[in-house]
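Hi everyone, thanks for coming. Let me put the sequence and the structure up on the screen, and then I'll walk you through them.

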Amino acid sequence: MKPLLLSWGSFQLFAYPLLMGIAWGLAYRLSDYLRHRLQIKVKSFPLLFWGALTCSWIGAKLMFLLVSGGELQSTYASSGNFWLGGGFVFYGGLILGAAWLIFLSLGLKQFELKQLYFILPPLTLGHAIGRVGCFLAGCCYGTQCDLAWAVKMHGHMLHPVQLYESGLLLLVTWVLWRFVVAKNITAAWLTYLGGYGAIRFITEGYRGDIVRGFYGPLSTSQWVSVAMILTAVILAIKSRKA
């Protein structure tokens, strides 16, 4: 846990925003590279990317507010530091970002929706880098454990659940890359929806932070993960019948 990487006079370099910037920067470059390599036509790539970034930012913030509840919700909502700083829920960003891309495809006819698979490896790579930022910042932390690789965080020895997810996302990125460059669209979507859905469902069980929201036995993110897995199953069934 090292939220402040460098302090030099009045200059301070924080880990989380630095890693977030690197994640989005690499995602932009890699997405641009893949769309050219795969010869996917997009009328305005900057509109696609920067719109997705903006919507993802807002969506991640809104879901964070949703799961916070009570006094925390009103405190965060009225804070400019919250809207410009930390406090995100990935799935909220994914949902609103996806809504933007669907609007671009179906509403503005910017590209064919099925061709959107080229953004999947950049998405998981950026997400993996972002989770390292979470680890350094000390957020999204794990439950207590006495394993050899436990890390001291917030006064306890905890599962480095952020690094678990980051490592698994890198593995998914490698698999996705192979499917995407081979133009295996169905396999790419199945890998992301089913693969990340399963990863997040499992890693949520090792999360120790309480600002996540629970509905019944599962957290908010676990319910979204279930929906992703079910979507992957339906897609797999349909692809077999086709």
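Mean pLDDT for this protein, the predictor's confidence in each residue from 0 to 100, is 90, and 91% of the residues reach 70 or more. This is a predicted model, so local features need pLDDT of at least 70 and side-chain atom pairs count only at pLDDT 80 or more, while totals for chains, interfaces and linings use all residues. Residues are numbered from 1 along each chain as its sequence is written, and side-chain values use heavy atoms, with hydrogens and water left out.

Now the interior. A nonpolar core is a set of buried Ala, Val, Leu, Ile, Met, Phe, Trp, Tyr and Cys residues joined through side-chain atoms within 4.5 Å; buried means under 20% relative accessible area, exposed over 50%, and partly exposed in between, with a 1.4 Å probe and protein chains only. The largest core has 41 residues, and Leu48, Leu101, Phe118, Tyr192 and Tyr196 have the most contacts inside it. Helix α2 gives the largest share, 9 residues.

Which loop holds Lys109? The one between α5 (90-107) and α6 (120-137). Phi of Lys109 is near 55°, a positive value in a non-glycine residue, and Lys109 counts as exposed at 53% relative accessibility. Cys140 also has phi near 55°, but Cys140 is buried, at 14%.

Terms used
Helix = DSSP H or I, 4+ residues; strand = E, 2+ residues; numbered from the N terminus.
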